[in-house]
Amino acid sequence: MKVILQRVSEASVTVAGNQLGAIEQGFMLLVGVQDADTDAELDYLVRKITNLRVFEDQAGKMNLSLTDVDGAILSISQFTLYADTRKGNRPSFTAAGAPDFAKKMYDRFNTKLASTGVRVETGEFGADMKVSLVNDGPVTIVFDTDNK
């Protein structure tokens, strides 16, 4: 799996003009799945993301986690994280998970995140989504379970 995490002061997602999810302080996640992913990747990412200390403490150091600041997550499915741009100008997405499998894993990932007590908002898998965010910092971190 690949996850792009952005620390945000606010983020929202709409589909066809309807807002599906919105958060204030927290993380906006772009989530990509490949067919080889298992619960081990889900568990690893849930642990890393919920315990990641990138919010400032009273001394101004990035020392607090999402749960420490009562933050939320906006999780967006993003198959294009597996784009292969090595040949030509049109990306190939053959490394991305098959849609049925990827949706199942994306849903499981969000359920596991929510089971930690963090509020999780989502977009709509496979939809043409419009995502708005205010990147706080900016803090942007890339997780790739192939490189853990």
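Helix α1 itself covers residues 39-51 and reaches 18 Å from its first C-alpha to its last, close to the 18 Å expected at 1.5 Å a residue, the expectation being 1.5 Å times one less than the number of residues.

The model is predicted: local features need pLDDT of at least 70 and side-chain atom pairs count only at pLDDT 80 or more, while totals for chains, interfaces and linings use all residues. Residues are numbered from 1 along each chain as its sequence is written, and side-chain values use heavy atoms, with hydrogens and water left out.

The protein chain holds two helices and eight strands, in the order β-β-β-α-β-β-β-α-β-β from the N terminus. Both are DSSP runs, helices being H or I of at least four residues and strands E of at least two. Of the 148 residues, 40% count as buried. Among contacts (heavy atoms within 4.5 Å) between residues at least 6 apart in sequence, 74% join residues at least 24 apart.

The loop between α2 and β7 (119-122) contains Gly 117. Gly 117 is exposed, with a relative accessible area of 66%, where exposed means over 50%. Its C-alpha atom is separated by 8.2 Å from that of Thr 67, 50 residues apart along the chain.

Notes:
Buried means under 20% relative accessible area, exposed over 50%, partly exposed in between (1.4 Å probe, protein chains only).
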